[in-house]
Amino acid sequence: QVQLVESGGGLVQAGGSLRLSCAASGRIFRINAMGWYRQAPGKQRELVARITSGGSAIYVDSVKGRFTISRDNAKNTVYLVMNNLKPEDTAVYYCNAEIMTANWGAFQSYWGQGTQVTVSS
């Protein structure tokens, strides 16, 4: 009923930039927070950045000053602009959103399929 579709990953050299997008579609009544997580090989999935419906954002320390999260509520879309990328940013990046599918329901967590970001040194 609800889908999150990510785009924008790829291969980039260290110091380069990428922009990730994630669009939510389907039966959506309201979206609360949206965020980006990442998982590198052999590591646990970690929160990268998260933004509330009002636009307040938080970041993991390792990306502060380099990544910027934003959202377009009219398009149910969240973005992640990644600048000055480093090899340690290499991971699969997942979109997450807290979505209410009906006005009598509760917010549930939905995930995208993931998009690979590879940063070469």
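**Close-up views of a predicted model**

With -80° about the S-S bond, the link between Cys22 and Cys95 is left-handed. The model is predicted, with local features requiring pLDDT of at least 70 and side-chain atom pairs counting only at pLDDT 80 or more, while totals for chains, interfaces and linings use all residues. Residues are numbered from 1 along each chain as its sequence is written, and side-chain values use heavy atoms, with hydrogens and water left out.

**View A. The disulfide of Cys22 and Cys95.** A search of the whole structure finds one disulfide, the term denoting a pair of cysteine sulfur atoms within 2.5 Å. The sulfur atoms of Cys22 and Cys95 are 2.1 Å apart. This pair links distant parts of the chain, 73 residues apart, with Cys22 in strand β3 (residues 18-26) and Cys95 in strand β9 (residues 91-100). Strands are DSSP runs (E, at least two residues) numbered from the N terminus. Cys22 and Cys95 are both buried, where buried means under 20% relative accessible area, exposed over 50% and partly exposed in between (1.4 Å probe, protein chains only).

View B. Arg38 counts as buried because its relative accessibility is 6%. Its side chain makes polar contacts with the side chains of Ser62, at 3.3 Å, and Tyr93, at 2.9 Å. A polar contact is a pair of N or O atoms within 3.5 Å; within protein, one must be able to donate a hydrogen and the other to accept it, and residues adjacent in sequence count only if both atoms are side-chain atoms. Not counting residues up to four places away in sequence, Arg38 touches residues including Arg45, Glu46, Phe67 and Asp89, contact meaning heavy atoms within 4.5 Å.

**View C. The aromatic pair of Tyr37 and Trp111.** The structure holds one aromatic pair. Because the ring centres of Tyr37 and Trp111 are 4.9 Å apart and their planes lie at 65°, the pair is edge-to-face. Rings of Phe, Tyr and Trp (its six-membered ring) pair if their centres lie within 6.5 Å; planes under 30 degrees apart count as stacked, over 60 as edge-to-face and the rest as tilted. Tyr37 in strand β4 and Trp111 in strand β10 (residues 108-111) are 74 residues apart. Trp111 counts as partly exposed, at 37% relative accessibility.

**View D. Arg45 over the faces of Tyr94 and Trp111.** Arg45 lies 3.7 Å from the ring centre of Tyr94 and 4.7 Å from that of Trp111. A charge sits over a ring if NZ of Lys or CZ of Arg is within 6 Å of the ring centre and within 35 degrees of the ring normal.

Note on methods. Helix = DSSP H or I, 4+ residues; strand = E, 2+ residues; numbered from the N terminus.
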